[in-house]
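Come along and check each entry against the picture.

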Amino acid sequence: MNKMVDTIIIGAGMSGLAAGIRLSMYNKKILILEKHSISGGLNSYYSRGKRKFDVGLHALTNFVGPNQRGKPFNKLMKQLRIPYEEFKIHPQSHSLIQFPDQTLKFTNEIDFFIEEIRTHFPDEIDGFISLLNHIKNFNEVDLSNEVIMAKIVVRNFIKSEALVEMIFCPLLIYGSAWENDMDFSQFVIMFKSIFLEGFGRPEGGVRTIIDLLLKRLDTCGGEILFKTEVSRIISKDGVVVGVEINGSEIIECNSILSSMGLPETMSVLDAQLDYSPRTGNLSFTESIIITDKKPKDLGIDATIIFYNNRPTYLYQRPQTLFDHQSAVVCFPNNFLHDDFDEGVLRVTNIANFELWNQELLLSKVGYNEKKLDVYNHGLSILKNCGMSSNFEVKFKDIFTPTTVKKYTNHFNGAVYGSIDKSRNGTTPIAGLYICGTDQGFLGIVGSMLSGISMANLHVLQSAL
Amino acid sequence: MLTNEEVRSKVLDIIADIALDDDVTGIKDEVSLREQLDLDSMDFLDIVMELKKRHKIEVPQEDYTRLASMQSCVEYLAPKFNS
């Protein structure tokens, strides 16, 4: 007799854990299958040199103060029955969008950003305010929204290409699977989560979130199997019947919520279909640098700097190993609460998976040298951001697109997944649904909302 | 046989658990719940799910509107609690 559950959830990342909580809360028998030995998926953690590091998480978007209601973060906490205070989220100081000719500063208060635009782009202020109203009134989570490219919409309000580029820069790099533009619904999600709500960081980093989710899952009776790879999704006549794990054991189920990614999910499906979602092109390198001095002592009080050294912002797969002219620099010390005894600097560059993969196949020595280039270049970007070089590096770690591929199994190390999303989570196979990155809600908050809404829509509601 | 007051109290228990951050003690029975509390359609799904989980009461989708206010909840649910 094969093991049998109601719903199998593939992946113990943010979306899988949230979906697992929702379903086990309502007495569904679920099983979460995770290939890796720890949870978190694209937002996980590791330890090295006696230090703890987060992967993925620069900042949590969708920051809300304790008395704000009806915002995505509160909604999802209510759905999971986890009190907001337990996340211990502390707001950012401020962030910068640093372009060659202009720098715009923003905080978690949109009024501050409005004043910045009034100062630096006085001719655009009316257009910007109209754009804000359009965004506030737009229902970005309506799953039936048409796909329309965001720059077309935004250019109806803002005439200055420089300002358009500056507004898009943080939104693209914090969550677009598409190059240089994104779907307008996605744009609105990102705009609200970053400019209208803002950045925060949980005390203890991403572990705090993961631990809360794991504890809640356990209370609800949900089960996770680690080091368990789904080697095949088994269907019969277009309907899902179960999975094969680790190449041998079969587990039967009525439905599957897969957070593997759309192309990744289809690649293990046993049915031959005329349906092949495309792999995304965007991946990243990141240098994590531990210093003896804190950024504040080196002249930096910003929390995040979106750095771009070209008139336009090229959010696309670079022709080189990594893009030298743009980066996101995060200073985790510069949230309202500082978790660290040392300085922590994180420099993230857009990178080319294919080129890194070739380096790795060619020679491990060469690959490591190239990683050192990323790090050295990161140091020069920090300098360009105005940081003093008067510090000592105590530790450094660099990851590349091949690292992302290795730990997340996303094809091409595509952090934001496929350019083909399944907004309503459905696939050509009945009972097989997508949650997480390729359902189209991104970021940590988006991922959890994705898991919750797909669990609600496809399992709980359909059982009523 | 549950009185209307007892049915109300069971519904209130559910709402209190769902609307974690809201004070539910002063709910006005005749006013819609949405107007008084921070509830959206996902939360109404939870009220339905909790009724099923705790009291084995099924509310079909076409009857969701009957849960709009506390008064209509009690009117609609009392016969279900007592059947």
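**Entry 1: the domains of chain A.** I began with how chain A is divided, and I found domain 1 (3–61 + 205–278 + 420–463), domain 2 (93–198) and domain 3 (281–408). I remind myself here that this is a predicted model. Next I looked up how domain 2 and domain 3 of chain A sit relative to each other, and their centres, taken over C-alpha atoms, are separated by 24 Å.

**Entry 2: where domain 2 touches domain 3.** How many residues of each are in contact? I noted 18 residues from domain 2 of chain A and 20 residues from domain 3 of chain A. On the domain 2 side, strand E6 (95–98) and helix H6 (161–173) of chain A each supply at least two residues. H6(A) gives the largest share of that side, with six residues. I also sorted the domain 2 side by class, and it has 10 nonpolar, six polar and two charged residues.

**Entry 3: a strand in chain A.** I then turned to strand E13 (residues 283–291) of chain A. Is E13(A) mostly covered or mostly open? Mostly covered, I wrote, since eight of its nine residues are buried. I followed its pairing to strand E16 (residues 343–351) of chain A, where the two run antiparallel over nine bridges. In that pairing, Thr291(A) has Gly343(A) of E16(A) as its bridge partner. E13(A) also pairs with strand E17 (residues 393–399) of chain A, again in the antiparallel sense, over six bridges. There I found Ser287(A) standing opposite Ile398(A) in E17(A).

**Entry 4: two residues with positive phi.** I looked at Lys227(A), which has a positive phi of about 50° although it is not a glycine. Lys227(A) lies in the loop between strand E9 (223–225) and strand E10 (230–236) of chain A. Lys227(A) counts as exposed, because it has 11 C-beta neighbours inside 10 Å and the cut-off for exposed is 12 or fewer.

Asp237(A) went on the list too, since its phi is positive at about 50° and it is not a glycine. The place of Asp237(A) is the loop between E10 and strand E11 (239–245) of chain A. With 8 other C-beta atoms within 10 Å, Asp237(A) is exposed.

**Entry 5: a buried methionine.** Where is Met190(A)? I found Met190(A) in helix H7 (residues 184–197) of chain A. Met190(A) has 24 C-beta neighbours inside 10 Å, so it counts as buried; the cut-off for buried is 20 or more. Which residues is Met190(A) in contact with, leaving aside its neighbours within four places in sequence? I wrote down Leu171(A), Tyr174(A) and Gly175(A). I also checked Met190(A) against Asp123(A): they are 67 residues apart in sequence and 25 Å apart in space, C-alpha to C-alpha.

**Entry 6: chain B as a whole.** I moved to chain B and counted four helices and zero strands. Read along the sequence, the pattern is α-α-α-α. The C-alpha atoms of chain B fill a box of roughly 30 × 25 × 20 Å along the principal axes. A compact globule of 83 residues would have a radius of gyration near 12 Å, and chain B agrees, with 12 Å. Buried residues make up 25% of the 83 residues in chain B. Of the contacts in chain B with a separation of 6 or more, 60% join residues 24 or more positions apart.

**Entry 7: one helix of chain B.** Which residues are buried in helix H4 (residues 70–81) of chain B? I listed Met70(B), Cys73(B), Val74(B) and Leu77(B). These four lie on the same side of H4(B), because they cover an arc of only 95° around the axis. The general rule I keep in mind is that an α-helix has 3.6 residues a turn, so residues three or four places apart point the same way. Among what covers the buried residues of H4(B) are helix H1 (4–18) and helix H2 (33–36) of chain B.

Technical notes: Residues numbered from 1 in each chain as written. Chains lettered and ligands numbered in written order. Predicted model: local features only at pLDDT ≥ 70, side-chain atom pairs only at ≥ 80, totals over all residues. Rg over C-alpha atoms; globule rule 2.2 N^0.38 Å. Contact = placed C-beta atoms within 7 Å. Domains from an automatic or database assignment. Nonpolar A, V, L, I, M, F, W, Y, C, P; charged D, E, K, R; others polar. Arc of directions from axis to C-beta. Pairing = 2+ DSSP bridges.
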